[in-house]
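User: Please go through the terms used for this structure and tell me what each of them rests on.

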Amino acid sequence: MRIRLGLRLTCLMLLTTAPVVAQDYGASGDVPYAPTPPEVIDAMMELGRVDSTDLVYDLGCGDGRIVIAAARDRGARGVGYDINPERIEEATANAKEAGVQDRVRFVEGNLFDADIGEASVVVLYLLTSVNLELRPKLWQDLKPGTRVVSHLFGMGDWEPDKEVNIRGRRVFVWTIPEDAAERAEAELSAAQ
Ligand SMILES: C[S@@+](CC[C@H](N)C(=O)[O-])C[C@H]1O[C@@H](n2cnc3c(N)ncnc32)[C@H](O)[C@@H]1O
């Protein structure tokens, strides 16, 4: 019992404090697949203030459930990127089944190369290390005012506007600031 608890705590620590080191999760790219539960999706929609005027991007979309919920429940449009072709196939079939195939699309590709400039909300369920690697791209590519919502994982010293806890799962929201491009430039040149 004690050994199992210790193992769980170690896994949790590794997930939340993982250094910025690339891991190989096979077809799942930089992050293993795990779906977001429905009640957390509702909280993400609330925190992101998603409505029918929004274009919601999920970077690492899995079976497409978050952009499908944004279209079905909020009337938004959505785009999901995933590196795993099986996930894209599932997401496309799920969108059809939900009757929102005209408002969402799914792209097989690496989230670090995603064309996200038109998004008004970006949702993430990745890892802290991947969020940190992605942060300069979010600052560089997204318009000021765009909301970024993350399930479970933070963004280091970029403080969220708000954080909620849904049955032990943290959900965060940030707003892309006016000086985002300068922040990205400073971070990228410091890393060189
Ligand atoms: C934890 S799951 C989240 C799925 C979905 N967003 C959700 O919340 O239900 C992470 C997803 O990211 C995808 N992924 C991992 N690395 C990726 C990368 N570099 N580019 C695109 N997708 C990636 C995986 O295939 C997986 O489906």
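User: Which elements each supply at least two residues of the shell around the ligand?

Analyst: In this predicted model, α3 and β2 each supply at least two residues of that shell; helices (H or I, at least four residues) and strands (E, at least two) are DSSP runs, numbered from the N terminus. Local features need pLDDT of at least 70 and side-chain atom pairs count only at pLDDT 80 or more, while totals for chains, interfaces and linings use all residues. Residues are numbered from 1 along each chain as its sequence is written.

User: Which residues come nearest to the ligand?

Analyst: Of the 24 residues around the ligand, G29, T36, G60, G62 and Y125 come nearest, where a residue is near a molecule or strand if its C-beta atom, placed from the backbone, lies within 6 Å of it.

User: What makes β3 and β6 edge strands?

Analyst: Two strands pair if DSSP finds at least two bridges between them. The sheet is open and mixed, with its 7 strands in the order β3-β2-β1-β4-β5-β7-β6; β3 (104-108) and β6 (162-166) each pair on one side only, and are therefore its edge strands.
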